[in-house]
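Open the model in your viewer and keep the selection tool ready. We will go from the surface to the inside.

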Amino acid sequence: FRQADSPIRVESFFVICFVSAAAVLLMATAMRLPNTMLPAAALAGFSMPWGWLLLRRRKRIRTFEKQLPDALELLARALRSGNSLAAGLNVVATEMPAPISMEFRNVYEEQNLGVPVDQALRNMLLRMPNMDLQFFVTAVAIQRQAGGDLAEILGKISTLVRERFKILGQ
């Protein structure tokens, strides 16, 4: 539900699933399907809202993947101009469109509430399972422990992500 950013609560979602199953079952009965097909019809009705949720999740994750290189470049520029990582996260949260702005805003707010930045980024990785985001989270964790130029690392990750999209496009 978090990954899909579902506007529906879990309880309401299950009510919708059961109502959908009942409606499909009624339609199957009205169409005089054999009794052996009725459980399959009810199962199909129950699974239709799940299909909607999975499609919503997939669309949101794909949009996030497309926005990630721009967000990393924006964060790198913010770091190069002298801002802290927290300020750079806030820049991405305010300048980028959803869904990436929502995720970076959550990270920014979590770290403002006292959660270490590394943990806040790992929480974002749980909400948005993405290999490229994993690179970013790992790079930040290593940079915070060992030091180094995070802006340069982010620029290279952004370039890597863009090149991977070009290869996938071909």
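Select Phe 1, Val 10, Phe 14, Phe 18 and Trp 50, which make a nonpolar surface patch of about 430 Å². A patch takes residues with over 30% relative accessible area and no salt bridge, joining like charges within 9 Å and nonpolar side chains (Val, Leu, Ile, Met, Phe, Trp, Tyr) within 5 Å. A salt bridge puts a side-chain nitrogen of Lys or Arg within 4 Å of a carboxyl oxygen of Asp or Glu. Areas use the Shrake-Rupley method with a 1.4 Å probe, and only the protein chains shown count as cover for residues.

This is a predicted model: local features need pLDDT of at least 70 and side-chain atom pairs 80 or more, while totals for chains, interfaces and linings use all residues. Numbering runs from 1 along each chain as its sequence is written, and side-chain values use heavy atoms, without hydrogens or water.

Now colour helix H1 (residues 10-30), which gives the most to the patch, with 3 residues. Helices are DSSP runs (H or I, at least four residues), numbered from the N terminus. Phe 1 lies in the segment before H1. Phe 1 counts as partly exposed because its relative accessibility is 31%; buried is under 20%, exposed over 50%, partly exposed in between (1.4 Å probe, protein chains only).

Next, select Asp 118 in helix H5 (residues 117-127). Is Asp 118 buried or exposed? Asp 118 counts as buried, at 19%. Leaving out residues up to four places away in sequence, Asp 118 touches Val 140, Ala 141 and Arg 144. Touching means heavy atoms within 4.5 Å.

How values were computed
Helices (H or I, at least four residues) and strands (E, at least two) are DSSP runs, numbered from the N terminus.
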